[in-house]
Structure formats: C-alpha cells, structure tokens
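The exercises below are meant to be worked with the sequence and the model open side by side.

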Amino acid sequence: MSLPDEFHDIAKRVNNWGRWGADDEIGTLNLITDAVVREAAATVRTGRRVPLALPLKQDGVQTGMIPGRVNPLHAMVQVNQELFGPGTVACSDDVVTMGLQAGTHWDALTHVSHSGRLYNGRPAGTVTAHGGAEFAGIDKARHVVSRGVLLDVARARGVDRLAGGHAVTPEDLAAAEEFGGVRVRAGDVVLVRTGQVRVYLAGDKHGYGYPSPGLSVRCPEWFHARDVAAVANDTLTFEIFPPEIENLWLPVHALDLVEMGMLQGQNWNLEELSTACGEEGRYAFLLSAMPEPFVGATGTPVAPVAVF
C-alpha cells in the first residue's frame, strides 16, 4: 500500500534534504550552534539535576511486540576474580545483550525509511545486516547538549495523563508553551509530556504500549517551523498508536527522521521533570542527552539529565 497524498504533501513542506549540504548526516542537530549552547548554559541557576531515563532492566518496557527488541539481559562474567594471582585486587565485570531502542533512547535518522529513501535522499539499502547504517548512524550525532523545553501537554490540559486515543496536535503544543510561559526556539530539544509513562511505572507494560497517546501527523510542521533540533516524549511509540489515519503506520517517524532529519526519542521519564518545572517556575533548562556512539547503529540508549 503506497503512502497517501496527505503524507507526501506534508513531507514536501518539512523536507530538509540538502539544507546543510548533500553530505550532511546529522540533520537538525546542525541547529545546535555554539551560541545556542551558550544560551542553554545560561539557564543554569540552582544546579538542580533531574534524570530522565528509565532503569535498564530485564523486566523493561518491551513486550515482544517488536521482533528482536529485547529488554536488557544482564550477566556477570567475573565476580571478585583475582586476575593477577591470589591476594591481588579482585575484579567484577558484566555483559549486556539488549535492543538499542529497548529503553530510553534516541532513534537515529536511519531508524526508518520510506519510498526506498533515508534522510537527505540516501538509498535505504545503505543500511545492511552486517554493516548497519553506512550513512547517518547514531555515532554521527556526536553531541546533543542544548536548551531543553518541556511542553507539558497533560498538565496544560489539566490531567495527569492524556487518554490513549489522544493525538497531540500543534494546538496542544502551543497551549503547553503558554502553560509553561516558554517559547520554543531554534536549536531547542523539545520534550513532550503526555503522562503515558505513568502506566508503565504503575506496572502495566502492555497498557503502556497500547493504546497510547502520542504526536499527531500534524506536529512535524510545527517543529519544522520552529527549527527544533530534536524531540522526545514519554511513550513507547512516540506517535499516537493505533494511528490517527487508518493504515498509515509510523508517519511521524518518517516525517521527522527521513524528511526533516530530526532525532526523536522515546520512553523518556518526564514525571520528575514535570514536578521540577512546576516547583522551579520555569520550563526551560540545560539538557544533556548524549548518544552512545555505537558505530553504524540506528538507535542508542541515552541517560538524559535536565539541569536547572
């Protein structure tokens, strides 16, 4: 089934191919300039730090719905082993097997393709079984430090959590700006809170994934107009699931990653951040969300921290 005209019309309006050159591999991260980072650092006043990652554990958010995306399997390969002989310093070591998008993560620009193409018009075939992403792997996103902005859509609507069928619209994003007394600007990393992660934290991982609120197919145009550098939220699927347009699966992924070249993140825990923003009386902060540099990977775990 081909993608509908509605999708292609939006794609044309948000397309950034060639904007930073034909060889560009980081997309909207180009918008995080030195000046943007200096201004982000200036938001730090108290030093209060808020972690945004879910714990990595075997009983994590994955349910098996996505083949191969396994929760972390942790094993010890050394336990107090005296490597250099009796009486020497003893070591303990671990190994982990996991899906790189299993927990709190960034999707690389190569995570999805459509119509045989990746970001900047590169062929989808440049992602291979043995080499991974030849172009625009997550290792190319070398640093993600910028001003973070929480758009607390749930609080702005007066609820703890949006209903499972709620598609977050540009109007919701604008209302959350007004609620937080903040204006999203070029180079910002936007965090959209739906409250959906509360379902997982309460112990219902299946209910967390489905049905889920999430971003509407209309949101990429809003992000494009504001020159947002990256977007993350507190859901498993990022966009509303099941989709708002019947049989149009993951259109927001395709618009963000392929057309715009914009990193997106899922499974971020924004609950403590929501509280902190309310207590601090501000919804902008310094955000450090450095990707783990797995060469050729189409995603990576991340342990973001917001600093007030």
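**Exercise 1.** In which strand is the place of Asp107? Describe the surroundings of its side chain as well.

*Solution.* Bear in mind from the start that this is a predicted model. Asp107 has its place in strand β4, which covers residues 105-107. The next step is to look for a partner of opposite charge: Asp107 is buried yet takes part in no salt bridge, and the nearest oppositely charged side chain, that of Arg69, is 5.3 Å away. What the side chain of Asp107 does have is a polar contact of 3.2 Å with the side chain of His105. Finally, setting aside neighbours within four places in sequence, the contacts of Asp107 include Gln101, His253, Leu257 and Thr298.

**Exercise 2.** Determine where Thr194 is found, and identify the side chain that it joins through a polar contact.

*Solution.* Thr194 is found in the loop between β9 and α5, the latter being residues 197-201. With a relative accessibility of 1%, Thr194 counts as buried, because the limit for that class is under 20%. Its side chain is joined to that of Asp234 by a polar contact of 2.8 Å. Thr235 can then be placed too: it is 41 residues from Thr194 in sequence, while their C-alpha atoms are 7.7 Å apart in space. Both Asp234 and Thr235 are among the residues that Thr194 touches once those up to four places away in sequence are not counted, and Ala154, Leu162 and Pro213 are also among them.

**Exercise 3.** Follow the salt bridges of Glu271, and find the network to which they belong.

*Solution.* The structure holds 17 salt bridges. In one that involves Glu271, its side chain meets that of Arg193 at 2.9 Å, N to O. Since Glu271 lies in helix α9 (residues 271-280) and Arg193 in strand β9, this pair ties together parts that are 78 residues apart in sequence. Both Glu271 and Arg193 are buried. Glu271 also forms a salt bridge with Arg198, in which the closest N and O atoms are 2.9 Å apart. This second pair links distant parts of the chain, from Glu271 in helix α9 to Arg198 in helix α5, 73 residues apart. Glu271 counts as buried at 12% relative accessibility, whereas Arg198, at 34%, counts as partly exposed. Through shared partners, salt bridges join Asp152, Arg155, Asp160, Arg193, Arg198 and Glu271 into one network.

**Exercise 4.** Which parts of the chain are tied together by the salt bridge between Asp23 and Arg122?

*Solution.* The side chains of Asp23 and Arg122 meet at 3.6 Å, N to O. Asp23 lies in the loop between α1 and α2 (34-41) and Arg122 in the loop between β4 and β5 (127-128), so the pair ties together parts that are 99 residues apart in sequence. As for accessibility, Asp23 is exposed, with a relative accessible area of 62%, and Arg122 is partly exposed, with 25%.

**Exercise 5.** Describe how helices α1 and α8 cross, and name residues that meet between them.

*Solution.* The axes of α1 (residues 5-14) and α8 (residues 251-260) come within 10 Å and cross at roughly 35 degrees. This crossing is right-handed. On the α1 side the residues involved are Phe7, Ile10, Ala11 and Val14, which meet Pro251, Ala254, Leu255, Glu259 and Met260 in α8.

Methods: Residues are numbered from 1 along each chain as its sequence is written. This is a predicted model: local features need pLDDT of at least 70, side-chain atom pairs count only at pLDDT 80 or more; totals for chains, interfaces and linings use all residues. Side-chain values use heavy atoms; hydrogens and water are left out. Helices (H or I, at least four residues) and strands (E, at least two) are DSSP runs, numbered from the N terminus. Buried means under 20% relative accessible area, exposed over 50%, partly exposed in between (1.4 Å probe, protein chains only). Lys and Arg count as positive and Asp and Glu as negative; His and the chain ends are not counted. A salt bridge is a side-chain nitrogen of Lys or Arg within 4 Å of a carboxyl oxygen of Asp or Glu. A polar contact is a pair of N or O atoms within 3.5 Å; within protein, one must be able to donate a hydrogen and the other to accept it, and residues adjacent in sequence count only if both atoms are side-chain atoms. Contact means heavy atoms within 4.5 Å. Axes are lines fitted to C-alpha atoms, for helices over the stretch in contact, and angles run from 0 to 180 degrees between N-to-C directions. A crossing is left-handed if the near helix is turned anticlockwise from the far one by less than a right angle, and right-handed if clockwise.
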